[in-house]
Amino acid sequence: MEQIPLIQDSYPLSSVQQGMLFHSLYNPKSGVYVQQVSCDLHEALNVSAFNQAWQLVAARQPVLRTTFRYDSGDRPVQEVHHRVTIPWQEQDWRGLRESEQEKRFVLYLETDRRIGFAFGTSPLIRVAVFRLDEAEYRFVWTSHHALLDGRSYRIVLKELFSFYDACLEGRDLLLPTPRPYRDYIDWLEKQDFNEAKMFWRSMLDGIVAPTALLSQHVRPPAPNQECNHAKLELRLCRRLTQALQLLAERHALTPNTLLQGAWALLLSRYTGQHDIVFGATRAARHGTVAGADKMVGLFINTLPFRVRVPETLSVLRWLQDLRTQWAAMRPYEHTPLVKIQEWSELPPGMPLFESLVVFENHTLNSFLSLQDSRWQDRNCRLLGATNYPLTLTGYLDSELLLGIAYDQSRFNEDMVARMLDHLQSLLESIVADPDRRITELPLLTNAERQQVLSDWNDTSRAFANEKFVHELFEEQVERTPDAVAVVVEDLRLKYRELNQRANQLAHYLQKRGVGSESVVGVCLNRSVDLIVALLAVLKAGGAYLALDPTYPKERSAFLLENADVSIVLTQQPLLERLPEHKDIVPLDTHWREISREAGSNSISTVTGQNAAYILYTSGTTGHPKGVVIEHRSLFNYLSWFNQSPVAQKLSHLPVTTKVVFDASLKQLFSPLLRGGEIWILSEKLMEQPVALLKPLSTRKGVGFNCVPSLWNVLLDAIELDATVLPA
């Protein structure tokens with residue numbers, strides 16, 4: 001007897017097949033391009049006949065008996081086996097609750113996807129059948145996308161159930177011999193892409209990087225690293241879907257054009273760019289071999305689509321231009337993406353695009369339902385993920401179904417949900433007024449507009465009248481007298497101690513004539529004395545004018561005279577940096593005298609309209625200009641900050657900003673109003689910013705606020721040393 005060879009045919013892979021195979025081999029645990037058709041059958045399934053039908057379909061369609069070899073030379077080949085036995089699994093879940101059935105089914109899908117395929121082992125498909133009830137079944141057909149495209153699934157499923165019916169009835173089913181997929185590959189191998197080269201170079205002229213997505217600086221997954229893809233869907237209402245179809249019909253557009261336009265607008269608004277590139281799939285069956293519409297195999301091609309978003313053009317005119325541009329791609333739609341990449345100006349290895357748009361006129365289930373009434377009791381859906389970070393799918397049906405599959409290492413569910421909402425908002429706006437300019441299309445949803453225009457602007461707060469920061473501090477002292485208030489290196493000062501010192505200095509200042517509207521200069525290094533002095537001035541009823549010890553004497557002299565400063569508080573080592581003044585008090589040398597004053601809270605006649613402190617501008621446009629801040633303004637600002645969610649989570653707030661800037665207020669005062677600690681970083685530490693990382697990494701509940709230049713230094717150090725800061 002003549003032995004039949006195992007391999008019936010062998011031929012090259014298309015460029016698209018090679019790309020899918022590469023990504024699956026590079027990351028075999030990722031599950032990318034593993035396609036699963038899940039189908040619910042509300043009928044009493046004859047499992048034996050169903051199995052037989054699958055074997056008959058596989059015997060008929062060469063693609064279902066195909067494997068891939070990538071060790072036979074420079075180019076991988078696909079081999080068609082004479083016969084295969086489809087891997088088969090059956091599970092009976094009739095005794096389980098529905099919730100448990102769904103839990104197990106989700107687990108099966110995930111596990112099945114992670115298993116992937118051994119590409120040299122026949123076949124690259126498998127089937128699992130689950131019995132849920134007496135007349136309730138569900139099956140999963142798993143295959144690799146490199147074998148089949150969406151239209152092929154329709155053909156196979158129609159033939160499958162035709163064979164199933166024939167098996168039930170005990171009859172043979174004679175169908176025309178299908179044209180093999182090899183014929184398309186042979187046609188593709190003969191194509192000359194010289195003309196296409198000119199077309200694609202012209203289309204991508206000037207593109208040197210892919211359109212940025214929302215998430216950046218994320219490394220691609222390493223080999224064998226699991227990728228977690230998820231998908232969110234949004235079904236538009238029938239009214240909006242019909243309006244989109246009517247708009248397309250009236251103006252010689254297609255729903256695909258409307259979706260592509262909305263996606264381009266979304267990327268443009270998100271990125272601020274007006275020259276957008278994303279990927280788009282084309283069926284690529286027309287103009288190839290005769291009968292391609294009825295062939296089973298992978299015909300689709302993924303191509304770059306460049307969309308310019310001019311600000312002044314009307315939406316309708318722009319969409320018509322998009323439609324013309326899309327139609328112009330048809331003669332070149334079979335061009336391998338790898339060649340287009342080579343012809344572009346992008347560096348080798350950099351992708352042309354990171355998002356993909358796929359559009360179909362029907363879901364798999366609705367298409368099958370239109371073919372045969374028996375599909376009304378069946379519900380099929382196609383599951384799968386590409387290697388792209390974002391894949392937008394659109395299925396028309398009676399209600400347009402939008403879905404975004406996303407890489408969870410780069411996007412989260414909330415981000416993708418907003419994308420879908422914004423897409424719906426853009427489509428609604430296009431339908432409402434297609435003649436408006438592109439820039440006039442609103443992106444925000446009604447809920448977001450309400451939030452931005454009303455909710456977030458409802459910032460009025462009811463604060464107590466005639467409350468002062470120093471009084472709130474005194475109330476906190478009563479609540480937490482023994483809690484630590486100030487930390488300076490190894491020194492810790494409790495609330496009771498800080499209040500006593502500030503009171504002593506306040507009484508001292510009042511005896512020296514300080515009262516409401518008196519201005520007290522404060523020129524002190526980072527120390528406990530600085531906090532004591534600021535509180536004391538407020539308690540005495542005066543206003544403080546902060547002086548930086550590093551100021552030139554000329555600037556300090558101008559500020560002292562311009563603000564009519566009555567007294568200056570400083571330290572002995574800083575005297576030589578100050579200009580001459582009628583009344584200068586070094587706290588370190590005068591503290592024995594000051595400490596004789598009472599430690600009780602002082603009393604003043606200050607009101608909310610009186611000055612609390614004075615800040616001066618830099619003077620780069622002339623002389624420095626002073627701004628007087630009232631007590632009520634200081635109280636309102638600190639009350640607002642302490643009510644914020646951020647402040648309520650903080651127990652340590654390092655003082656990084658110089659007291660001459662108003663950004664220092666929340667660092668100097670806000671912790672004292674809620675029982676927190678002021679953490680004064682030493683001058684030495686501030687001169688070596690990288691050294692800050694060690695103390696910051698050892699404390700929890702730290703709120704760090706500083707100028708951008710310091711942030712840049714710290715972030716570079718964090719990246720270099722892999723330091724992890726506390727949450």
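In this report, two residues are in contact when their heavy atoms lie within 4.5 Å. The structure described is a predicted model.

**Overall composition**

The protein contains 24 helices and 24 strands. Of its 727 residues, 52% are buried. When contacts between residues at least 6 apart in sequence are considered, 74% of them join residues at least 24 apart.

**A pair of crossing helices**

On the side of helix H15, Arg501, Gln504, Leu505 and Tyr508 take part in a contact with Leu587, His590, Trp591, Glu593 and Ile594 of helix H18. Sorted by class, this contact of H15 with H18 comprises 5 nonpolar, 2 polar and 2 charged residues. Helix H15 spans residues 495–511 and helix H18 spans residues 587–594; their axes come within 10 Å and cross at roughly 85°.

**An open sheet and the helices on it**

Five strands form an open sheet with mixed pairing, in the order E5-E6-E7-E2-E12. Strands E5 (88–92) and E12 (378–383) stand at the edges; each has a single partner strand, so one side of each is left without a neighbour in the sheet. From one strand to the next, the twist averages 15°.

Asp92 stands opposite Arg131 in E6. Helix H2 (residues 47–60) lies across E5, E6 and strand E7 (136–144), and runs at about 160° to E5. Helix H4 (residues 150–169) packs on the sheet and touches strand E2 (34–41), E7 and E12, with its direction at about 135° to that of E7.

In soluble globular proteins, nonpolar side chains tend to be buried together. The largest nonpolar core in this model has 132 residues, and Phe139, Trp141, Trp200 and Trp263 are those with the most contacts inside it. H4 supplies the largest share of this core, 9 residues. Leaving aside residues up to four places away in sequence, Trp141 touches a set of residues including Gln35, Val37, Trp54, Leu64, Ile125, Tyr153, Val156 and Leu157. Another core, of 67 residues, lies apart from the largest one; Val488, Ala536, Val585 and Tyr613 are among its members.

**Backbone features in loops**

The peptide bond from Ser122 to Pro123 is cis, with omega near -10°. Pro123 lies in the loop between helix H3 (98–115) and E6.

Positive phi values in residues other than glycine are found at Glu489 and at Glu517. The table gives the value for each.

| Residue | Phi |
|---|---|
| Glu489 | near 55° |
| Glu517 | near 70° |

Glu489 is placed in the loop between strand E15 (484–488) and strand E16 (491–494). With a relative accessibility of 55%, Glu489 counts as exposed, because the cut-off for that class is over 50%. Glu517 belongs to the loop between H15 and strand E17 (519–522). Its relative accessible area is 45%, so Glu517 is partly exposed.

How values were computed:
Residues numbered from 1 in each chain as written. Predicted model: local features only at pLDDT ≥ 70, side-chain atom pairs only at ≥ 80, totals over all residues. Heavy atoms only, no water. Axes fitted to C-alpha atoms, helices over the stretch in contact; angles between N-to-C directions. Helix = DSSP H or I, 4+ residues; strand = E, 2+ residues; numbered from the N terminus. Nonpolar A, V, L, I, M, F, W, Y, C, P; charged D, E, K, R; others polar. Pairing = 2+ DSSP bridges. Core = buried A, V, L, I, M, F, W, Y, C linked by side-chain atoms within 4.5 Å. Buried < 20%, exposed > 50% of the residue type's maximum accessible area, 1.4 Å probe, protein only.
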